[in-house]
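Biologist: Please take me through this model step by step, giving the cut-off behind each term when it comes up.

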Amino acid sequence: MALFPVAPFSASITSGRTEAEDLSIGSGFGVRKNPHPSGGEYLQATAASSVAGGTFTGATGTYDLTLGYFDETDGVSHLEIVVNGTIVGSFNWDSLSGDATVTEASKAEFRLPGITLTAGDTIELRGTMDGGEPLRIDYLDLATGEGAPASESFMVEAEDLDIGQGFEVVRNGAASGGLNLQHTHGALASASYTVEKAGTFDVTIGYFDETDGASAMRVLLNGVEIADWTWDSDAGAAIASKASRTEKVLANLALGEGDVITLEGNGDGGEPLRLDFLKFDAVDATEPEPTPSLDFWFLRDGQVVLALNDGDGNFSEKNTGIDEGDSRVLAADFDGDGDIDFLTWKILSDPFPLPAYNSDPATYEFELQTIVYLNDGSGNFTSAILEAQSITHDLDPFWVEQASKYPEDTSAPYVIASDDRRELLLRNLIDIQDAADYDGDGDVDLVGVAKAAGGFFILENDGDGTFEMKPPAFPGISEDWVVNTPYTIDFLDDLRNVVKFADFNGDEHLDLLFSSAGNISYSYILLNDGAGNFDFLEAHSANDGNVLEQIVDIDADGDMDVFSNTEGEGGGIGIFVNGGTGVSEERYTPSGHRINHDHWPSGRDSLYNVGPSAVANFDDDPWVEIVNASIENSKLGAGLRVIDLSREGDDFLFEVQSLDETITGDIVGNGDFDGDGDLDVILGVRDLSGGYPGTSDLYLLLNDGNANFSMSGLLIEGVDNWHEYQPYYSNSGAYAFGSIRTAYMDDAMTIA
């Protein structure tokens, strides 16, 4: 079986939409997450010049190309569209409207009509960023619709409209043609245009929205009102200048020859209703492809269950028959076909009894079996058992001393049941945690932690479904960073160690976040040199237990930071702030930045059990918010909190934006589940009545776009609680919660 195929510019581009993040990156682009792009991700320039592209795999023909992007106001980037080495289109991103960040207001499209394409043609996007505008690309559409061709897109200057009443033509250097219509007399001004070319159009009305009035306008099609709005901007200027230029888009208007479009309204104050132009952009009149809906998956009784979304936030369950067994379940696109597959593993032979303890490392060999469950694109899976691998560990002697007492002595080191002890020891031997192409060869590699061997390891994919183990390693760190200890095992916990792939320095190579949560707790940033070797860069610690870590752009500067919950006497929330190179910003100490009681509302005593939080941009401001419903604290009180995170000078500030005391539980996932463009969250309510770790029931909390959440009802009952934290030897349930993972399970999209 040939798994994991790849080739340069291997991304497929065909009729319909291709998300920018699915293109092959040549150089200088990185993938970033945001709720505003169509697929939740976009390409962003990480260098002075950037290239991405793909190979056209559709039918030979003439296509209209539309590029979706974010035209921000803080720079003038430049992009070229290149087919087979020839530039077929280029333009500057010079909008003066919108925002200086990735928001709905910054969305823009560039249309290139009449491109002839043949299967095998290469389509490239080549660009240069400028200022604070890092060339953010959302999608590429190719259309062959039967509506008016894009070659018949056109613009009508306002001064060429048929004036009905109240308007006059006035000179204006900021207008597109040097002239605009202005309401100069009478209570009402009106002008009209008679359509000469039939088709479906996005009609853009250009006008001047000044700050010294609130004019009103409405648009009528054949006498029927189709739009009305107030010109009430408080940005820009009080005169008709470039700063006050504004546009209103009426999307997908089906127009016939002879139809009459009428614009009428009245000026207000110092704003005399100035119209600049009407632009008619022809669009594909065919039915758009359905928007993929975000699903999630979870475990029930150790089996993988899909929760398939109908697009409106209603979910139906689908059993997969995939058993977790002794491993954790990983989700990734393992066969490169655009949908999400699963992977599990098991140790084939019984590893017990373990080697006898002595003072030297014990060499230990076992057989590892990996199983890939391939998705057919509809959420149906076929198993593919890969070739068993022989794994050799040099076991840490301290771990052997403790583990060799199993099964005769189950009291060391913890008083737990024999079956649980066995599972714990198996996970100490090998715990695969993340899957991605870390060496850039086009196949999916694996990374995990082996406490028994004292470090993290890489299983490097050979491209044919077999893996080569890179021996476990622990970051090289000086005595300035950590307490000197003879065993790295002191840094590692039984199950709470975390290792994840992420790009921390913007060079398009996947680096590592490696967090240990043992007696001495640190998180380490290790940079990938591009050849698959990792160099220790920095360690940081928020306290004696970093858990539930999330990699997210906390400070909206385009690079990945780290958010973690911390436990212990001074537990709370920890933040590692990336300076763009993987090193923390100079204003923060090497130990990172822990949010303690000084940063919370007065009266807080401890946040020992923060529980799971969602950290993302839940509203339209550039900063992330923290959504949490599980803080257990007598002085703060329980409930659903939305916490604004911002920065003032060198410090991060927390402000509780809202508290709903009627909603408590664990925030176990987030995503745009109802397709309205903002991020919702899923709440888990624990049931420990049957013993630890118990189960959880899931509820959907819908976002109104401003980080106000309302509970829509019960989604799923009886989800297995995730017991990665405080596992078998704790009965408190503090870190046992219903775990889900979001993904597009029955749509060809990348993992969310």
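Biologist: What relative accessible area does E225 have?

Modeller: This is a predicted model, in which local features need pLDDT of at least 70 and side-chain atom pairs count only at pLDDT 80 or more, whereas totals for chains, interfaces and linings use all residues. Residues are numbered from 1 along each chain as its sequence is written, and side-chain values use heavy atoms, with hydrogens and water left out. Buried stands for under 20% relative accessible area, exposed for over 50%, and partly exposed for what lies in between (Shrake-Rupley method, 1.4 Å probe, only the protein chains shown counting as cover). E225 falls in the partly exposed class, with a relative accessible area of 39%.

Biologist: Which residue does R218 meet in a salt bridge?

Modeller: R218 is itself partly exposed, at 31% relative accessible area. A salt bridge is a side-chain nitrogen of Lys or Arg within 4 Å of a carboxyl oxygen of Asp or Glu, and the structure holds 14 of them. With an N to O distance of 3.0 Å, the partner of R218 is E225.

Biologist: How many residues apart in sequence are R300 and E317?

Modeller: The side chains of R300 and E317 meet in a salt bridge at 2.7 Å, N to O. R300 belongs to strand 24 (residues 295–300) and E317 to strand 26 (residues 315–323), so the pair ties together parts of the chain separated by 17 residues. Strands here are DSSP runs of E with at least two residues, numbered from the N terminus. The separation asked for is therefore 17 residues.

Biologist: Which strand holds K470, the partner of E460?

Modeller: E460 forms a salt bridge with K470, their closest N and O atoms being 3.8 Å apart. The pair links distant parts of the chain, 10 residues apart, with E460 in strand 34 (residues 455–461) and K470 in strand 35 (residues 467–473). K470 counts as partly exposed, at 27% relative accessibility. The strand that holds K470 is strand 35.

Biologist: How many bridges pair strand 17 with strand 22?

Modeller: Strand 17 (residues 189–194) is mostly covered, five of its six residues being buried. Two strands count as paired if DSSP finds at least two bridges between them, and strand 17 pairs in the antiparallel sense with strand 14 (residues 162–165) over three bridges, where I163 stands opposite A191. Its pairing with strand 22 (residues 260–266) is also antiparallel, with Y193 facing I261 as bridge partner. The count of bridges between strand 17 and strand 22 is six.

Biologist: Is L135 buried or exposed?

Modeller: L135 has a phi near 55 degrees, a positive value in a residue other than glycine. Most residues other than glycine have a negative phi, and most peptide bonds are trans. L135 sits in the loop between strand 11 (122–128) and strand 12 (137–143). With a relative accessible area of 0%, L135 is buried.

Biologist: Where does N222 lie?

Modeller: N222 also has a positive phi, near 55 degrees, in a residue other than glycine. N222 counts as partly exposed, at 46% relative accessibility. Its place is the loop between strand 19 (215–221) and strand 20 (224–231).

Biologist: What charge does the surface patch with D441 carry?

Modeller: D441 lies in the loop between strand 32 (431–436) and strand 33 (445–450) and is partly exposed, at 33% relative accessible area. Patches are made of residues with over 30% relative accessible area and no salt bridge, like charges being joined within 9 Å and nonpolar side chains within 5 Å. E387, D441, D462, D464 and E468 gather in such a patch, and its charge is negative.

How values were computed
Lys and Arg count as positive and Asp and Glu as negative; His and the chain ends are not counted. The place of a charge is taken as NZ of Lys, CZ of Arg, CG of Asp or CD of Glu. Helices (H or I, at least four residues) and strands (E, at least two) are DSSP runs, numbered from the N terminus.
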